[in-house]
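The turns below take some labels in order and set the values against the criteria.

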Amino acid sequence: MIEAAKPAAGHAVVLLPPALVNLFPGAERRVELAASRVDEVITALDARWPGMRDRLCDSRPSIRRHINVFVDGERANLDTAISAGAEVFIITAISGG
Amino acid sequence: MGEKVLLLVGTKKGAFILSSDTSRSSWSLRGPFCDTWPINHVVGDSASGAIYAAGGNEWFGPAVWKTTDFGESWTHSSEGLSYPPEEEPIKMVWSLAPAARGAGKTLYAGVQPAGLFRSDDGGASWHHLSGLRDHPSRPEWQPGGAGLILHGLVPHPEDEKQLWVAISAAGVFHTADGGETWEPRNRGTRADFNPEDQRYPEFGQCVHCLVTAPGMPDRLYQQNHCGMYRSDDGGRGWESIEAGLPSSFGFPAAVHPRDPDTLYLVPLNGDIAGRYMPEARAAVWRTRDGGRSWDALRRGLPQQNVFYGVLRQAMATDRLDPAGVYFGTGSGSLYASADEGESWTCVAEHLPTITSVETLVI
């Protein structure tokens with residue numbers, strides 16, 4: 001179990017699922033980054049690990065059907081706002097296997 | 001060091017690679033690769049030695065995987081592998097084909113919903129050859145049982161501008177200008193599922209597998225949902241060659257590496273009869289005369305209670321002499337013949353459902 005320790009000032013903490021991290025050598029389960037919307041979180045992740053956006057989002061664009069994103073415990077979409085200190089949980093849905 | 005034969009196997013839970021020396025009498029298996037993603041097609045590019053695996057994962061979408069060290073390490077990419085935002089997103093990659101003169105860098109990918117992509121950098125990035133989906137027939141393409149998939153890719157062996165594709169259930173299409181414009185090539189193939197007076201349409205046939213013959217670029221064979229066919233004019237016209245087969249229904253077809261008249265099929269008992277081996281006895285059917293006559297090859301194959309099928313990309317030949325022939329079943333068994341189909345051995349079993357089999361001799 002990874003912990004959502006308090007992030008640096010102005011940053012959100014993003015927790016990534018193991019099946020995603022395994023696809024990107026060097027990727028980490030816990031990431032701190034600055035973002036004001038979920039879409040900016042995805043952009044920041046893709047900048048660190050090129051190709052990660054394609055794994056999380058489709059071309060509509062929207063979060064993939066079997067990927068769930070929660071911001072501070074609430075189901076989110078790409079437009080959901082992120083406040084400093086927020087916890088963004090990206091998980092693989094149980095339906096995806 | 002002598003040559004090695006690799007069997008590249010796609011399954012519902014990852015890719016596998018079997019290897020043997022050229023005697024093909026003993027095989028070792030490695031896998032599953034590709035993080036156990038559903039993999040529809042695994043191909044080797046003899047020009048570069050790279051192996052590519054096409055698939056898609058319900059969580060993470062479509063991608064093409066690649067290894068340049070025969071499976072020890074893999075990367076994946078779907079950069080550029082997408083449609084415009086207003087269109088249904090791509091679900092999976094279904095088929096791959098290295099270009100005949102691609103110098104190890106160019107390959108094609110067929111996807112679901114049906115469309116065609118090309119990479120010129122060894123699978124690192126892709127671009128859409130949109131001319132196919134711009135064809136006026138596209139709004140009328142209907143999905144087959146596996147969805148609306150582009151599962152067949154046949155690059156012309158000499159003319160890099162020519163390519164045939166097979167789409168279920170839109171039929172065979174051909175381009176002579178590198179993918180900008182396309183024409184349907186289905187004349188003579190049936191659509192038994194249509195009303196009686198519409199059974200030979202210009203497009204809409206349910207092609208199951210499309211292959212070309214060695215040394216005869218304009219000879220094509222296709223196993224169709226409704227019949228087995230040969231064309232000797234690049235698909236402009238098709239002739240039924242199903243007389244002598246136990247069924248007109250089946251999925252894969254594999255051509256001999258040197259003899260354009262020799263073809264292998266696995267007819268199944270029928271589309272509404274269970275889609276397993278006829279009489280529940282396993283057989284590969286071979287023609288040596290371009291489809292005029294057929295023989296059942298059964299030695300070493302189980303002859304009772306066989307209720308498996310073989311999917312459209314799950315049979316292949318190798319380039320050795322005598323040629324090896326291979327097929328994988330929906331029940332996860334892999335059979336090999338090192339003598340052009342005369343005798344068979346089961347070289348792997350209990351695998352996930354096998355979606356594809358290809359060979360690479362290195």
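Q: How many helices and strands does chain A have, and in what pattern do they follow the sequence?
A: In this predicted model, chain A contains 3 helices and 5 strands. Along the sequence they follow the pattern β-α-β-α-α-β-β-β.

Q: What makes chain A as compact as a globular protein of its length?
A: For 97 residues the globule rule gives 13 Å, and the radius of gyration of chain A is 12 Å. The two values are close, so chain A counts as being as compact as a globular protein of that length. Its C-alpha atoms fill a box of roughly 35 × 30 × 25 Å along the principal axes. Of the 97 residues, 31% count as buried.

Q: Why are the buried residues of α2(A) said to line one face of the helix?
A: Helix α2 of chain A covers residues 38-48, and its buried residues are A:Val38, A:Val41, A:Ile42 and A:Leu45. Seen down the helix axis, these residues fall within an arc of 95°, so they line one face. The elements that cover them include β1 (12-15), β2 (30-33), α3 (52-56), β3 (67-71) and β5 (87-92) of chain A.

Q: What makes A:Asp72 partly exposed rather than buried or exposed?
A: A residue needs 20 or more other C-beta atoms within 10 Å to be buried, and 12 or fewer to be exposed. A:Asp72 has 15, so it is partly exposed. This residue lies in the loop between β3 and β4 (74-75) of chain A. A:Asp72 also has a positive phi of about 50°, although it is not a glycine. Most residues other than glycine have a negative phi.

Q: How do you know that B:Arg275 is buried?
A: The cut-off is 20 or more other C-beta atoms within 10 Å. B:Arg275 has 20 such neighbours, so it counts as buried. The residue lies in the loop between β21 (263-267) and β22 of chain B. B:Arg275 is not a glycine, yet its phi is positive, about 60°.

Q: What makes β8 and β10 of chain B partners of β9(B)?
A: Two strands pair if there are at least two bridges between them. Strand β8 (residues 92-98) is joined to β9(B) by 6 bridges and runs antiparallel to it. In this pairing, B:Pro98 has B:Leu107 as its bridge partner. Strand β10 (residues 115-119) pairs with β9(B) over 5 bridges, also in the antiparallel sense. There, B:Gly110 stands opposite B:Leu116. β9(B) and β10(B) form a hairpin, with 2 residues between them.

Q: Why are β20 and β23 of chain B placed at the edges of their sheet?
A: The sheet is open, has 4 strands in the order β20-β21-β22-β23, and is paired antiparallel. β20 (250-255) and β23 (295-297) each have a single partner strand, so one side of each is left without a neighbour in the sheet. From one strand to the next the twist averages 30°. β22 (residues 284-287) and β23(B) pair over 3 bridges, and B:Arg286 has B:Asp295 as its bridge partner.

Q: How do you know that B:Gln205 is buried, although it lies in a loop?
A: With a cut-off of 20 or more other C-beta atoms within 10 Å, the 33 around B:Gln205 make it buried. Its loop lies between β15 (183-184) and β16 (207-213) of chain B. Beyond its neighbours within four places in sequence, B:Gln205 is in contact with residues including B:Ala169, B:Gly171 and B:Asn224.

Q: What makes the bond from B:Ser168 to B:Ala169 cis?
A: Its omega is near 0°. B:Ala169 lies in the loop between β13 (163-168) and β14 (171-175) of chain B. A cis peptide bond also joins B:Asp321 and B:Pro322, with omega about 0°.

How values were computed:
Residues are numbered from 1 along each chain as its sequence is written. Chains are lettered from A and ligands numbered from 1 in the order in which they are written. This is a predicted model: local features need pLDDT of at least 70, side-chain atom pairs count only at pLDDT 80 or more; totals for chains, interfaces and linings use all residues. The radius of gyration is taken over C-alpha atoms; the globule rule is 2.2 Å times the number of residues to the power 0.38. The arc is that of the directions from the helix axis to the C-beta atoms. Two residues are in contact if their C-beta atoms, placed from the backbone, lie within 7 Å. Axes are lines fitted to C-alpha atoms, for helices over the stretch in contact, and angles run from 0 to 180 degrees between N-to-C directions.
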